[in-house]
Amino acid sequence: MAKHGTAGTRTDDVHRELRSDILGGRLVPGSRLKFPELCERYRVSVGAAREALTRLIAEGLVKNQAHQGYIVTPLSHEDLADLTRARVEIESLVLRLSVLEGDVQWESRAVAAHHVLERAVFLSKDEPGHPTDEWTAAHAAFHLALIDGCTNRRLLGTARSLREEAELYRQWSVSFGQEPDRDFAGEHRALLEAAIGREADRAAELIREHIAHTAQLLISVATDEPGTGQDTGTAPSPGIR
């Protein structure tokens, strides 16, 4: 429940809770976000709810559509294809710069984040079809730690934003992490080794493959029909099927 306080505090609270409800599946993709319901649910003003929705639009989690108003971003083949192409190009560039520019403190943060990820419980008995919140948080922290050595804040901010958008697909994918022949731990270990080994080109190629491969799983949760000629940007990447 959003707390009472200053306008800025109320906006921060409702933004955080809305974001959590979207990523946690309590507000489903495509569902309408009506102000009367939002104000009652989060106990905030229309102004605070509108500002929170504006922030979520910038993060790619909410859209404002004509005749529908605000809705949770739908999951679509076209959107995922566009998102994947952007992530492959931008995140590989940002990781490459991170490897070239990161200092010893950056290396330490990346190693520490990987240590936490390796020890996080991936699947729980209560919900075997989805990664645990612990693993999801550790996974996001590791990938953000890898690119955090990049000194170009605009590029880094864009890469972070695109990862946030992809999280909506990951949360709704029932197949994520379920490939028997895929070694997630090995992929993450290879990324870390290339990064701290200062192998910038290899790290960039590995993240391109990692993103593109994951997109092949996530596309299964899209609710529309794939458009003619659309793909998830995987064709140029070797070894991705």
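Which residues have the most contacts inside the largest nonpolar core? They are Val-94, Leu-95, Val-99, Phe-142, Leu-146, Ile-147 and Leu-191, in a core of 29 residues. Keep in mind that this is a predicted model, where local features need pLDDT of at least 70, side-chain atom pairs count only at pLDDT 80 or more, and totals for chains, interfaces and linings use all residues. Residues are numbered from 1 along each chain as its sequence is written, and side-chain values use heavy atoms, with hydrogens and water left out.

**The overall picture**

- The protein chain has nine helices and two strands; here helices (H or I, at least four residues) and strands (E, at least two) are DSSP runs, numbered from the N terminus.
- Start at the N terminus and you'll read the elements as α-α-α-β-β-α-α-α-α-α-α.
- Out of 241 residues in the protein chain, 46% count as buried; buried means under 20% relative accessible area, exposed over 50%, and partly exposed in between (1.4 Å probe, protein chains only).
- Take the contacts (heavy atoms within 4.5 Å) between residues at least 6 apart in sequence: 72% of them join residues at least 24 apart.
- The accessible surface of the protein chain is about 12100 Å², and 52% of that belongs to carbon and sulfur atoms; these areas come from the Shrake-Rupley method with a 1.4 Å probe, and for residues only the protein chains shown count as cover.

**The nonpolar cores**

- A nonpolar core is a set of buried Ala, Val, Leu, Ile, Met, Phe, Trp, Tyr and Cys residues joined through side-chain atoms within 4.5 Å.
- Skipping neighbours within four places in sequence, Val-99 is in contact with Trp-106, Ala-194, Ala-195, Arg-198, Glu-199, Ala-200 and Ala-203.

**How the helices pack**

- Two packed helices are described by the angle between their axes and the distance between the axes.
- The axes here are lines fitted to C-alpha atoms, for helices over the stretch in contact, and angles run from 0 to 180 degrees between N-to-C directions.
- For helix 6 and helix 8, the axes come within 11 Å and cross at roughly 25°. These two helices are therefore roughly parallel to each other, going by a scheme where angles under 35 degrees count as roughly parallel, over 145 as roughly antiparallel, 65 to 115 as roughly perpendicular and the rest as oblique.
- Where do they touch? On the helix 6 side are Trp-135, His-139, Phe-142, His-143 and Leu-146, which meet His-188, Leu-191, Leu-192 and Ala-195 in helix 8.
- Helix 4 and helix 7 pack at about 140°, with axes 9 Å apart, and that makes helix 4 oblique to helix 7.

**Residues to click on**

- His-143 sits in helix 6 and counts as buried, at 1% relative accessibility. Neighbours within four places aside, His-143 is in contact with Glu-91, Arg-163, His-188, Leu-191, Ile-207 and His-210.
- Trp-106 is in helix 5 and is buried, with a relative accessible area of 0%. Beyond residues up to four places away, Trp-106 touches Ser-98, Val-99, Ala-145, Leu-146, Asp-148, Gly-149, Ala-195 and Arg-198.
- Trp-106 and Ile-196 are 90 residues apart along the chain, with 9.0 Å between their C-alpha atoms.
- Is Glu-107 buried or partly exposed? This helix 5 residue is partly exposed, at a relative accessible area of 22%. Leaving out neighbours within four places, Glu-107 is in contact with Ile-196 and Arg-198.
- Asn-152 belongs to the loop between helix 6 and helix 7 and is partly exposed at 34% relative accessibility. The C-alpha atoms of Asn-152 and Glu-101 are 9.8 Å apart, though 51 residues separate the two along the chain.
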